[in-house]
Amino acid sequence: MSKLGEITVNGKAVSVFEPPHNEPDFPWVDVEELAKAFLPRSAARSIVKRTHSFGGNKRAYATARNGDRIATIVCHAMAQGLCGMIDHFNGVDLEGDEDGPAHREYSIALGVFAADNYPMSFGDMIHAFKNPGGDFLRDSEALKR
């Protein structure tokens, strides 16, 4: 997986990567950088550790070189879930399908990046939407519960 570039979320740089599989999917992101865009460093590192235990026997994340470190990267759907959790714990009271500020800011930033730098056919976008994370999430034991 190669790094595609960076997005700015809450004033912080968040690295964006190619998906670690061959199915149509949206770009993946560095989960620690995304968490640090909204949380203190210690909380962001805790999120990364929790990410490593999600999925049971099947990893729901991948790793990629990001500069001088190995980053944990997650699919767009997991990143949106993380931002939704951050909104919830920040006391954002949402109704129905409404998105909170962290979720909205991340989603718009990744959407603009993907439109400008990661062209996909309409068919591939539909496939990616219906199959987020490809086999990383599809085969995850956590999602079978």
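Hi everyone, let's start with what sits over helix 2: the cover on its buried residues includes helix 1 (31-36), strand 5 (69-74) and helix 3 (76-89). One reminder before I go on: this is a predicted model.

So, helix 2 itself. Helix 2 runs over residues 41-53, which makes 13 residues. From first C-alpha to last, helix 2 reaches 19 Å, close to the 18 Å expected at 1.5 Å a residue.

Which residues of helix 2 are buried? They are Ala44, Ile47, Val48 and Thr51. Looking down the axis of helix 2, you'll find these buried residues within an arc of 100°, so they line one face of the helix. Turn to the other side of helix 2, and Ser42, Lys49, Arg50 and Ser53 are exposed.

Now please follow me to a loop. Between strand 2 (12-17) and strand 3 (28-30), the loop holds Asp25. Is Asp25 buried or exposed? With the cut-off for buried at under 20% relative accessible area, Asp25 counts as buried because its relative accessibility is 2%.

What does the side chain of Asp25 reach? There are two partners I'd like to show you. The side chain of Asp25 is joined to that of His21 by a polar contact of 2.9 Å. The Asp25 side chain also reaches the backbone nitrogen of Gly133, at 3.1 Å.

Gly133 turns up again in the contacts of Asp25 once we leave aside neighbours within four places in sequence. Alongside Gly133, that list has Pro19, Cys75, Tyr118, Met120, Ala128, Pro132 and Gly134.

Technical notes:
Residues are numbered from 1 along each chain as its sequence is written. This is a predicted model: local features need pLDDT of at least 70, side-chain atom pairs count only at pLDDT 80 or more; totals for chains, interfaces and linings use all residues. Side-chain values use heavy atoms; hydrogens and water are left out. Helices (H or I, at least four residues) and strands (E, at least two) are DSSP runs, numbered from the N terminus. The expected span of a helix is 1.5 Å times one less than its number of residues. Buried means under 20% relative accessible area, exposed over 50%, partly exposed in between (1.4 Å probe, protein chains only). The arc is that of the directions from the helix axis to the C-beta atoms. Contact means heavy atoms within 4.5 Å. A polar contact is a pair of N or O atoms within 3.5 Å; within protein, one must be able to donate a hydrogen and the other to accept it, and residues adjacent in sequence count only if both atoms are side-chain atoms.
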